[in-house]
Amino acid sequence: MKLIKQLLAVATIAFATTGFAAAQSANEAPDQLVKRISSEVLNTAKADKEIQAGNTRKVIDLVETKILPYVDFERMTALAAGRYWREATPEQKRALSTEFRTLLIYTYSGALSQVRNETVEFKPLRADATDTEVEVRSQVNMTRGEPVLLNYRVAKTPAGWKIYDINVLGAWLVETYKGTFNSEISKGGIDGLIKTLAAKNKQLANKPLATAKK
């Protein structure tokens, strides 16, 4: 899990740039929209000294404005919970989605504070104009080392395009968390998983962003 967490932290460099806004041109291809928005966010992260210094509020504000409106957290949580999602009550579903959302915020915020001179390169989109679910492929070009390959699963909703999964070097985020979720649910049920995530989030809230991703 440590390696996966490290990879997910790197993935956030690109993930945090995928703002699919419904107000944007409805005819704009998903990959082109990601590319256009990514430039703005990466430039902000690179130029803002407070973000570079790990200013918690500044980084989280960037995450909340550029990520949260454009990620389908409920679908992502449902996929990670698998069959247990159907057995959960509405209250449990809301609580689980909230805690999972918070966990990802801390992970993404920690990674954003690490952005320096990385760039994102997008691959040609393999999709038809009528597709409502597509996979956007990209790679993060690191200042040192080999590029990190990233793929995104995005779906077209009434509110616009939204991300519901991300692949880092062959590992899908949902599948990564699915094993952890199933293990916790088998021990303490849905409520046990919620408590575990809440405890983790409380721990991360007391750590500097530079270490929150570890």
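Accessible areas were computed by the Shrake-Rupley method with a 1.4 Å probe; for residues, only the protein chains shown count as cover. The structure is a predicted model, in which local features need pLDDT of at least 70 and side-chain atom pairs count only at pLDDT 80 or more, while totals for chains, interfaces and linings use all residues. Residues are numbered from 1 along each chain as its sequence is written, and side-chain values use heavy atoms, with hydrogens and water left out.

The chain exposes about 10700 Å², of which carbon and sulfur atoms supply 50%. Of its 214 residues, 48% are buried (under 20% relative accessible area, 1.4 Å probe, protein chains only). Nine helices and five strands are present (DSSP runs of H or I, at least four residues, and of E, at least two, numbered from the N terminus). Their order along the sequence is α-α-α-α-α-α-α-β-β-β-β-β-α-α.

Gln139 lies in strand β2, residues 133-141. Gln139 counts as buried because its relative accessibility is 11%. Leaving aside residues up to four places away in sequence, Gln139 touches Thr119, Val120, Glu121, Lys123, Pro147, Val148, Leu149 and Leu150 (heavy atoms within 4.5 Å).

Definitions and conventions: Buried means under 20% relative accessible area, exposed over 50%, partly exposed in between (1.4 Å probe, protein chains only).
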